[in-house]
Structures are given as C-alpha cells and as structure tokens.
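I am opening a notebook page on this structure and will set down what I look up, entry by entry.

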Amino acid sequence: MKAVTFQGEREVRVDDVPKPGIQGPDEALVRVTVSAICGSDLHIYHVRTPVNPGAVLGHEFSGVVEEVGQHVTRVKPGDRVVACFFSYCGHCFYCRRGWFSQCEHKGVFGHGEYFGNLGGGQAEYVVAPLANHTLEPIPDGVSDEQALFVGDILATGYFGAERAGIEPGDTVAVVGAGPVGLMAVMSAQLFGAAQVFAVDRVDSRLEVAQGLGATPINGAAVHPSEHIKSVTGGYGADRSIECVGLPATIEIALHSVRHGGTVSVVGVPEATEQDFPYMHVWFNDLTYTGGLCNVPPYMRPLLDLIKAGRLDPAVVVSHRMKVEEGEEAYRMFAEREATKILLTS
Ligand code: NAD
Ligand code: ZN
Ligand code: ZN
C-alpha cells in the first residue's frame, strides 16, 4: 500500500509498504478514507520529535473498519470511525483518573518506534490497537472529514479553551492561527467569549480567523501583547490560549492577559527549558496551565456539536490532496502555503 514515510530532516517519501494486519484480539484494521497533516508532524519533519526513518506518519485520520480482533465489540467491519491520535489502556493509574493522555501504556499513531510503534494514518490502511478505546464511531450526518478533527486538533483547541476557564463575555487572545489556533477560536466562541483576538504572522491564516469572527492581529506589524492591552483599556484579555509552542509566543500569551487572567498553553513547547516569569505570574495572580490534550472525553461531545451544526472544523481545510502527493503536501504545509491539508488515497 502507499504510505507517507519519514526519511530525515525535511524529507518524507511516499513508499510502497506492506499492508498491515491485525495481530491481536484487541486490534482493528481500518481502511483510511481521509488523513491530515498536523503541526505536530512538522515537529517530526524538522527533527524536533525523534522518529525512526521509515516510520509511517500520520495521527489524524478517519476510515472504515475492515476487520476486528475477537475482543473488539465497540466497532465492527463496515463502521465509519475516527481515531484518537494516541492509544490508551483504559485501566492504568492515569486512565482510571480520566487522564488518558497520561496513560502509562500510551502509543501515538504515526510517531514510530519511540512512541509505541503504532502505524500511521497517512496511508491506505492502519491498525488501531486497543480499538474499543482508540476508535470512535462517526454518527450519521457527520462526514469523515469533519470527524477527523475530533481525534486531535478540535479536541485540542477545545481543551485549551476549557482549561483557559472562559466565561461568557470574556475577551480571549488566541496566539497562533494555525489549524490548532483556529480550532481554539471556534471553541472560545462556544464557551461564550465576546471577543477573540487571533495572533499570527501569516495573512492567509489571519483571514480564516477573521472569517470565523475573530479580530486578526498580525504579529509582524504590531507588538501583539501591547496591541491587545491598548485595545482593552490597558488591561489585556481575560484569557489567552497559546497554540504555537515557541518561547516568543508563550511570552505573548503570558503578557496578553489582565491581572487574574488565565494562560492556557497547548502548543508543544519547542524549548525543553526556558526562563519562566515566576514573578510576573505570581504578582499578577495569573493561572498558567497547559499540556497534551486529553482527547477521549471530548470526542463524542464534539461529534455531537458538529452533527448539531454548532461547529464545522472542516472550514479550515485549504487543500485536499492524494497520499501520493505527500512530499509536496508536507513542503506546502511547512512553508505555510496551506492552512490545513487533507490526504486521501
Ligand atoms: P502550525 O505550525 O500550522 O501553526 C502554528 C502557527 O503559529 C502558524 O500559523 C504560524 O504562522 C504561527 N506562528 C509562528 N510563530 C509565530 C509568532 N512569532 N507570532 C505569531 N504567530 C506565529 O501548527 P498547528 O497544527 O496549528 O499546531 C500548533 C501547535 O499545537 C504545534 O506545536 C502542535 O504540535 C501543537 N499541538 C498540540 C497538541 C496537544 O495535545 N497539546 C495537539 C495537536 C497539536
Ligand atoms: Zn495532530
Ligand atoms: Zn492507561
């Protein structure tokens, strides 16, 4: 089958690889109908996340179940499903506390040997381990494309907004208007934000944010946090949601909120260590939160919101390409020539 594989720095390749098959009773084989390239794939592409050469990439995908192991009861062949971007056991210390993203037996799709050696979704087929947990059935009225988003970036934007503690009427600064930031804009609105600022440096992405009802701020033209303060009576936003992960953007998020505000960081930090402004956070009574999205509890409610017409994450899709075009698709996404690229086989 055709699959996008990691080769090295800024190098992916579409290879013919063996079609995977289920090996155990808890697994399901999924025929992928649509997958996506994510900002987290760019961390691999830029070798900030270690992945072995040859690994099949892709952790955002929907598809149709083709075959299931004997313990898999929640889905059956023919069902349309979306995958959570990671697998989790459901019974360890963290799973029992509802922190599935911290599962002691977690694997991440499309991240090679160091992250559980799962397959990748930028391919024709993928095996889902622990399929009773990992796969969520897609309800009628929700397309495979729309559903794909609940397995990662829509859940992440929503998680970022929820942890920001947004209350009706709040002003929210979303730092980064990439796909995750755009999901955070939509989610902030669902929580009742009266005004959402979207900070980025790429005009095409700011235009999408504006189309969603956010106020765009081009960080190349103005100092984002100073600008946000100047248009909020000198105070700053009530909450910020950081969706990039760079030291500079985390700093913008920290300085865009008023005293007593909340800073919620979902961008994967690029630096493993960085000066943290303890005094600024302490003196201004800020709440700082962030982390890997705890996707599973959000999948069903988000599918229901899509089905109800309250959300349409697919509006951020700028390009639909073939898996065979994977190399060009990665180049375009890395160069910010595309906002969100979906791949089909
Ligand atoms: P992306 O790379 O497409 O988007 C990042 C955006 O930040 C881009 O639009 C870019 O122009 C903007 N940006 C970069 N530097 C900037 C600056 N100095 N000022 C303003 N804007 C700037 O990626 P994405 O798919 O939107 O993902 C964003 C982040 O979220 C990534 O770090 C990704 O790994 C992370 N992520 C985290 C989780 C989680 O569980 N916490 C899940 C999915 C993705
Ligand atoms: Zn992702
Ligand atoms: Zn677990």
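**Metal sites, helix packing and one loop**

I began with the spacing of the donors of the zinc ion (ligand 3), which along the chain follow the pattern C-x2-C-x2-C-x7-C. I note here that I am reading a predicted model. The protein donors of this zinc ion (ligand 3) are the SG atoms of Cys 89, Cys 92, Cys 95 and Cys 103, and they lie 2.3 to 2.4 Å from the metal. I then looked up the angles among the four donor atoms of the zinc ion (ligand 3), found them to be 105 to 115°, and recorded the site as tetrahedral. For comparison I wrote down that the ideal angle for four tetrahedral donors is 109.5 degrees. Cys 92 sits in the loop between strand E6 (86-87) and helix H2 (93-96), while Cys 103 sits in the loop between H2 and strand E7 (107-108), so this pair ties together parts that are eleven residues apart in sequence.

Next I turned to the zinc ion (ligand 2) and asked which residues coordinate it. I found Cys 38 through SG, His 59 through NE2, Glu 60 through OE and Asp 152 through OD, at 1.8 to 2.3 Å. In sequence the donor residues of the zinc ion (ligand 2) are spaced C-x20-H-E-x91-D. Glu 60 belongs to strand E4 (residues 60-68) and Asp 152 to the loop between helix H4 (144-148) and H5, so that pair ties together parts 92 residues apart in sequence.

I went on to helix H5 (residues 153-163) and helix H6 (residues 179-190), which pack with their axes 7 Å apart and at an angle of about 50°. H5 and H6 are therefore oblique to each other, and I noted their crossing as right-handed. On the H5 side the contact is made by Ile 153, Leu 154, Thr 156, Gly 157, Tyr 158 and Ala 161, and on the H6 side by Pro 179, Val 180, Met 183, Ala 184, Ser 187, Ala 188 and Leu 190. I sorted the residues of this contact of H5 with H6 into ten nonpolar, three polar and no charged.

Last, I located Arg 10 in the loop between strand E1 (2-8) and strand E2 (11-16). Leaving aside residues up to four places away in sequence, Arg 10 touches Tyr 45 and His 46. I also looked up Arg 10 and Val 47, which are 37 residues apart in sequence and 7.9 Å apart in space, C-alpha to C-alpha.

Conventions
Residues are numbered from 1 along each chain as its sequence is written. Chains are lettered from A and ligands numbered from 1 in the order in which they are written. This is a predicted model: local features need pLDDT of at least 70, side-chain atom pairs count only at pLDDT 80 or more; totals for chains, interfaces and linings use all residues. Side-chain values use heavy atoms; hydrogens and water are left out. Axes are lines fitted to C-alpha atoms, for helices over the stretch in contact, and angles run from 0 to 180 degrees between N-to-C directions. Helices (H or I, at least four residues) and strands (E, at least two) are DSSP runs, numbered from the N terminus. Angles under 35 degrees count as roughly parallel, over 145 as roughly antiparallel, 65 to 115 as roughly perpendicular and the rest as oblique. A crossing is left-handed if the near helix is turned anticlockwise from the far one by less than a right angle, and right-handed if clockwise. Contact means heavy atoms within 4.5 Å. Ala, Val, Leu, Ile, Met, Phe, Trp, Tyr, Cys and Pro count as nonpolar, Asp, Glu, Lys and Arg as charged, and the others, Gly among them, as polar. Donors are N, O and S atoms within 2.8 Å of the metal (3.2 Å for Na, K and Ca); water is not among the atoms, so sites may look incomplete. Four donors count as tetrahedral if all angles lie between 85 and 135 degrees; four count as square planar and six as octahedral if opposite donors are over 155 degrees apart and all others between 65 and 115; anything else is irregular.
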